[in-house]
Amino acid sequence: MRSLIKPICAVVVLCGTMAVKADTVSELEQLVDKWLKIESQTSELNTHWLEQKSSMEQTLTLLNAEQEQLSTLNKNREKNSSDLSKKREQLVTQQGELEKDQQNLNSQLKQISQQLLSLQVQLPPPLLNSWKNAGDLADPQLSTTDKLQTALKMLTLLNEFQQRISIHEMAIKHPDGQEVWVKQLYLGAAQAWFVSEDLSYAGIGFPSDLGWQWEFDNSINAEQVALGIAVQQKKRAADWVTLPMLSYKNNAQQGAK
(Lines give C-alpha, C1' and ligand atoms only; values in the text may rest on other atoms or scores of the structure.)
Protein backbone atom coordinates (compact mmCIF):
# COMPACT_ATOMS: atom_id res chain seq x y z
CA MET A 1 0.00 0.00 0.00
CA ARG A 2 2.83 2.44 0.85
CA SER A 3 4.39 1.83 -2.55
CA LEU A 4 1.18 2.99 -4.13
CA ILE A 5 0.75 6.03 -1.92
CA LYS A 6 4.18 7.49 -2.72
CA PRO A 7 3.61 7.68 -6.47
CA ILE A 8 0.19 9.14 -5.83
CA CYS A 9 1.67 11.84 -3.59
CA ALA A 10 4.25 12.60 -6.22
CA VAL A 11 1.50 12.93 -8.72
CA VAL A 12 -0.30 15.31 -6.36
CA VAL A 13 2.82 17.44 -5.92
CA LEU A 14 3.43 17.42 -9.59
CA CYS A 15 -0.09 18.34 -10.28
CA GLY A 16 0.18 21.21 -7.76
CA THR A 17 3.28 22.41 -9.48
CA MET A 18 1.60 22.25 -12.77
CA ALA A 19 -1.37 24.13 -11.32
CA VAL A 20 -3.82 21.23 -11.70
CA LYS A 21 -7.32 22.09 -10.80
CA ALA A 22 -8.60 21.36 -7.30
CA ASP A 23 -11.27 18.98 -8.50
CA THR A 24 -8.61 16.71 -10.03
CA VAL A 25 -6.94 16.35 -6.62
CA SER A 26 -10.27 15.49 -5.10
CA GLU A 27 -10.82 12.74 -7.66
CA LEU A 28 -7.46 11.22 -6.88
CA GLU A 29 -8.21 11.22 -3.16
CA GLN A 30 -11.47 9.43 -3.85
CA LEU A 31 -9.64 6.83 -5.91
CA VAL A 32 -7.21 6.26 -3.05
CA ASP A 33 -10.06 5.84 -0.58
CA LYS A 34 -11.76 3.31 -2.84
CA TRP A 35 -8.50 1.45 -3.27
CA LEU A 36 -7.96 1.30 0.49
CA LYS A 37 -11.51 0.07 1.03
CA ILE A 38 -11.02 -2.59 -1.61
CA GLU A 39 -7.79 -3.71 0.09
CA SER A 40 -9.59 -3.81 3.45
CA GLN A 41 -12.47 -5.83 2.01
CA THR A 42 -10.04 -8.20 0.32
CA SER A 43 -8.25 -8.78 3.63
CA GLU A 44 -11.55 -9.39 5.38
CA LEU A 45 -12.62 -11.80 2.65
CA ASN A 46 -9.36 -13.72 2.96
CA THR A 47 -9.76 -13.93 6.73
CA HIS A 48 -13.37 -15.00 6.42
CA TRP A 49 -12.45 -17.54 3.76
CA LEU A 50 -9.77 -19.08 5.97
CA GLU A 51 -12.26 -19.35 8.83
CA GLN A 52 -14.90 -20.84 6.55
CA LYS A 53 -12.35 -23.20 5.01
CA SER A 54 -11.36 -24.57 8.42
CA SER A 55 -15.00 -25.02 9.41
CA MET A 56 -15.82 -26.64 6.10
CA GLU A 57 -12.85 -28.99 6.40
CA GLN A 58 -14.04 -30.04 9.88
CA THR A 59 -17.55 -30.50 8.57
CA LEU A 60 -16.25 -32.51 5.61
CA THR A 61 -14.23 -34.71 7.99
CA LEU A 62 -17.32 -35.33 10.10
CA LEU A 63 -19.39 -36.08 7.01
CA ASN A 64 -16.76 -38.55 5.76
CA ALA A 65 -16.73 -40.26 9.16
CA GLU A 66 -20.51 -40.36 9.20
CA GLN A 67 -20.54 -41.76 5.67
CA GLU A 68 -18.13 -44.51 6.73
CA GLN A 69 -20.35 -45.35 9.69
CA LEU A 70 -23.43 -45.43 7.47
CA SER A 71 -21.59 -47.60 4.98
CA THR A 72 -20.57 -49.99 7.78
CA LEU A 73 -24.13 -50.02 9.13
CA ASN A 74 -25.48 -50.67 5.65
CA LYS A 75 -23.10 -53.59 5.15
CA ASN A 76 -24.09 -55.00 8.54
CA ARG A 77 -27.75 -54.48 7.69
CA GLU A 78 -27.30 -56.31 4.40
CA LYS A 79 -25.47 -59.12 6.20
CA ASN A 80 -28.16 -59.29 8.88
CA SER A 81 -30.83 -59.22 6.21
CA SER A 82 -29.12 -62.11 4.44
CA ASP A 83 -28.84 -64.06 7.71
CA LEU A 84 -32.50 -63.38 8.48
CA SER A 85 -33.50 -64.57 5.03
CA LYS A 86 -31.58 -67.80 5.54
CA LYS A 87 -33.12 -68.31 8.97
CA ARG A 88 -36.55 -67.58 7.55
CA GLU A 89 -36.01 -70.18 4.82
CA GLN A 90 -34.89 -72.69 7.45
CA LEU A 91 -37.95 -71.96 9.59
CA VAL A 92 -40.26 -72.31 6.59
CA THR A 93 -38.64 -75.67 5.79
CA GLN A 94 -38.93 -76.80 9.39
CA GLN A 95 -42.55 -75.67 9.50
CA GLY A 96 -43.31 -77.72 6.40
CA GLU A 97 -41.67 -80.77 7.95
CA LEU A 98 -43.58 -80.27 11.19
CA GLU A 99 -46.87 -79.94 9.32
CA LYS A 100 -46.09 -83.14 7.43
CA ASP A 101 -45.22 -84.92 10.68
CA GLN A 102 -48.43 -83.58 12.20
CA GLN A 103 -50.48 -84.99 9.33
CA ASN A 104 -48.78 -88.38 9.67
CA LEU A 105 -49.35 -88.31 13.41
CA ASN A 106 -53.03 -87.46 12.97
CA SER A 107 -53.45 -90.29 10.46
CA GLN A 108 -51.72 -92.83 12.71
CA LEU A 109 -53.57 -91.58 15.76
CA LYS A 110 -56.89 -91.97 13.94
CA GLN A 111 -56.06 -95.59 13.09
CA ILE A 112 -54.95 -96.34 16.66
CA SER A 113 -58.08 -94.71 18.08
CA GLN A 114 -60.32 -96.81 15.82
CA GLN A 115 -58.48 -99.97 16.85
CA LEU A 116 -58.74 -99.13 20.53
CA LEU A 117 -62.43 -98.32 20.25
CA SER A 118 -63.13 -101.63 18.49
CA LEU A 119 -61.09 -103.48 21.12
CA GLN A 120 -62.82 -101.74 24.00
CA VAL A 121 -65.95 -103.89 23.88
CA GLN A 122 -63.88 -107.06 24.35
CA LEU A 123 -62.05 -105.90 27.45
CA PRO A 124 -62.65 -107.44 30.88
CA PRO A 125 -64.81 -105.19 33.07
CA PRO A 126 -62.03 -103.93 35.41
CA LEU A 127 -59.83 -102.89 32.48
CA LEU A 128 -62.79 -101.38 30.66
CA ASN A 129 -63.55 -99.17 33.67
CA SER A 130 -59.93 -98.02 33.76
CA TRP A 131 -60.12 -97.11 30.09
CA LYS A 132 -63.29 -95.10 30.60
CA ASN A 133 -61.58 -93.16 33.39
CA ALA A 134 -58.60 -92.49 31.10
CA GLY A 135 -60.74 -90.62 28.57
CA ASP A 136 -63.02 -90.91 25.56
CA LEU A 137 -61.29 -91.18 22.18
CA ALA A 138 -64.64 -90.74 20.44
CA ASP A 139 -65.00 -87.22 21.88
CA PRO A 140 -64.70 -84.80 18.90
CA GLN A 141 -63.70 -81.98 21.27
CA LEU A 142 -60.41 -83.66 22.17
CA SER A 143 -57.30 -82.06 20.72
CA THR A 144 -54.62 -84.12 18.99
CA THR A 145 -52.44 -83.89 22.09
CA ASP A 146 -55.27 -85.02 24.38
CA LYS A 147 -56.13 -87.93 22.08
CA LEU A 148 -52.50 -89.00 21.97
CA GLN A 149 -52.19 -88.87 25.76
CA THR A 150 -55.45 -90.79 26.18
CA ALA A 151 -54.37 -93.47 23.71
CA LEU A 152 -51.02 -93.84 25.50
CA LYS A 153 -52.78 -94.19 28.86
CA MET A 154 -55.07 -96.89 27.46
CA LEU A 155 -52.20 -98.84 25.92
CA THR A 156 -50.25 -98.57 29.18
CA LEU A 157 -53.22 -99.85 31.17
CA LEU A 158 -53.71 -102.75 28.74
CA ASN A 159 -50.03 -103.68 28.90
CA GLU A 160 -49.99 -103.58 32.70
CA PHE A 161 -53.17 -105.69 32.90
CA GLN A 162 -51.70 -108.22 30.48
CA GLN A 163 -48.55 -108.61 32.57
CA ARG A 164 -50.22 -109.64 35.81
CA ILE A 165 -52.79 -111.91 37.41
CA SER A 166 -55.59 -109.75 38.80
CA ILE A 167 -58.27 -110.34 41.41
CA HIS A 168 -61.59 -108.46 41.30
CA GLU A 169 -65.11 -108.79 42.65
CA MET A 170 -68.44 -107.95 41.07
CA ALA A 171 -71.99 -109.19 40.53
CA ILE A 172 -72.73 -111.10 37.35
CA LYS A 173 -76.08 -112.25 36.06
CA HIS A 174 -76.96 -115.97 36.25
CA PRO A 175 -79.00 -117.50 33.41
CA ASP A 176 -81.94 -117.82 35.79
CA GLY A 177 -81.95 -114.01 36.17
CA GLN A 178 -80.47 -113.60 39.64
CA GLU A 179 -77.38 -111.53 40.40
CA VAL A 180 -74.52 -113.54 41.87
CA TRP A 181 -71.62 -111.86 43.67
CA VAL A 182 -68.37 -113.54 42.66
CA LYS A 183 -64.63 -113.22 42.94
CA GLN A 184 -62.74 -113.19 39.64
CA LEU A 185 -59.26 -114.36 38.75
CA TYR A 186 -57.96 -112.71 35.57
CA LEU A 187 -55.07 -114.14 33.56
CA GLY A 188 -54.17 -110.99 31.66
CA ALA A 189 -56.98 -109.65 29.50
CA ALA A 190 -57.62 -112.92 27.64
CA GLN A 191 -59.27 -115.17 30.21
CA ALA A 192 -60.78 -115.17 33.68
CA TRP A 193 -62.42 -117.54 36.14
CA PHE A 194 -64.96 -116.76 38.81
CA VAL A 195 -66.37 -118.41 41.91
CA SER A 196 -69.02 -117.44 44.42
CA GLU A 197 -68.20 -117.08 48.11
CA ASP A 198 -70.01 -120.33 49.04
CA LEU A 199 -68.50 -122.19 46.04
CA SER A 200 -72.00 -122.81 44.69
CA TYR A 201 -71.23 -121.16 41.37
CA ALA A 202 -68.18 -121.15 39.17
CA GLY A 203 -67.48 -120.28 35.60
CA ILE A 204 -65.21 -118.64 33.07
CA GLY A 205 -64.89 -115.28 31.32
CA PHE A 206 -63.44 -114.51 27.87
CA PRO A 207 -63.57 -111.90 25.10
CA SER A 208 -65.72 -112.48 22.04
CA ASP A 209 -67.06 -110.58 19.05
CA LEU A 210 -70.10 -109.74 21.15
CA GLY A 211 -67.97 -108.37 23.98
CA TRP A 212 -66.68 -109.84 27.19
CA GLN A 213 -68.67 -112.95 28.14
CA TRP A 214 -69.30 -114.66 31.47
CA GLU A 215 -70.45 -118.27 31.48
CA PHE A 216 -71.50 -120.35 34.47
CA ASP A 217 -70.22 -123.93 34.31
CA ASN A 218 -70.78 -126.59 36.98
CA SER A 219 -67.97 -128.69 35.48
CA ILE A 220 -65.39 -126.18 36.65
CA ASN A 221 -63.87 -127.04 40.00
CA ALA A 222 -64.98 -124.15 42.23
CA GLU A 223 -62.46 -125.14 44.91
CA GLN A 224 -59.58 -124.84 42.44
CA VAL A 225 -60.73 -121.36 41.42
CA ALA A 226 -61.04 -120.33 45.07
CA LEU A 227 -57.59 -121.81 45.77
CA GLY A 228 -56.05 -119.84 42.90
CA ILE A 229 -57.58 -116.64 44.23
CA ALA A 230 -56.43 -117.36 47.79
CA VAL A 231 -52.86 -118.10 46.62
CA GLN A 232 -52.80 -114.90 44.54
CA GLN A 233 -54.03 -112.89 47.55
CA LYS A 234 -51.35 -114.64 49.67
CA LYS A 235 -54.01 -116.11 51.96
CA ARG A 236 -52.78 -119.60 51.14
CA ALA A 237 -49.33 -121.03 50.52
CA ALA A 238 -48.33 -121.45 46.90
CA ASP A 239 -49.81 -124.60 45.44
CA TRP A 240 -50.69 -126.19 42.11
CA VAL A 241 -53.99 -124.99 40.64
CA THR A 242 -55.78 -126.77 37.80
CA LEU A 243 -58.09 -124.58 35.72
CA PRO A 244 -59.46 -124.85 32.15
CA MET A 245 -57.62 -122.64 29.66
CA LEU A 246 -58.50 -120.97 26.38
CA SER A 247 -59.57 -124.21 24.73
CA TYR A 248 -62.62 -124.05 26.96
CA LYS A 249 -63.52 -120.67 25.54
CA ASN A 250 -63.19 -121.91 21.98
CA ASN A 251 -65.41 -124.92 22.75
CA ALA A 252 -67.96 -122.66 24.40
CA GLN A 253 -68.06 -120.38 21.36
CA GLN A 254 -68.45 -123.31 19.00
CA GLY A 255 -71.24 -124.68 21.20
CA ALA A 256 -72.99 -121.30 21.12
CA LYS A 257 -72.91 -121.38 17.35
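Helices (H or I, at least four residues) and strands (E, at least two) are DSSP runs numbered from the N terminus, and leucine 148, for example, lies in helix H4. This is a predicted model, in which local features need pLDDT of at least 70 and side-chain atom pairs count only at pLDDT 80 or more, while totals for chains, interfaces and linings use all residues. Residues are numbered from 1 along each chain as its sequence is written, and side-chain values use heavy atoms, with hydrogens and water left out.

**The sheet**

- Five strands in the order E1-E2-E3-E4-E5 make up an open sheet with antiparallel pairing, where two strands pair if DSSP finds at least two bridges between them.
- Strand E1 (165–173) and strand E5 (211–216) are the edge strands, each of them pairing on one side only.
- On average, and with direction ignored, neighbouring strands of this sheet are turned by 25° against each other; axes here are lines fitted to C-alpha atoms, for helices over the stretch in contact, and angles run from 0 to 180 degrees between N-to-C directions.
- Helix H5 (residues 222–232) packs on the sheet and touches E1, strand E2 (179–187), strand E3 (191–196) and E4, its direction making about 105° with that of E3, with contact taken as heavy atoms within 4.5 Å.

**Strand pairs**

- E1 and E2 pair in the antiparallel sense over nine bridges, and isoleucine 172 has valine 180 in E2 as its bridge partner.
- The hairpin formed by E1 and E2 has five residues between the strands, and glycine 177 in its turn has a positive phi of about 100°.
- Strand E4 (residues 202–208) is joined to E5 by six bridges in the antiparallel sense, and phenylalanine 206 has glutamine 213 in E5 as its bridge partner.

- Most residues other than glycine have a negative phi.
- Lysine 234 has a positive phi near 65° and is found in the loop between H5 and helix H6 (246–256); lysine 234 counts as exposed, since its relative accessibility is 74%.

How values were computed
Buried means under 20% relative accessible area, exposed over 50%, partly exposed in between (1.4 Å probe, protein chains only).
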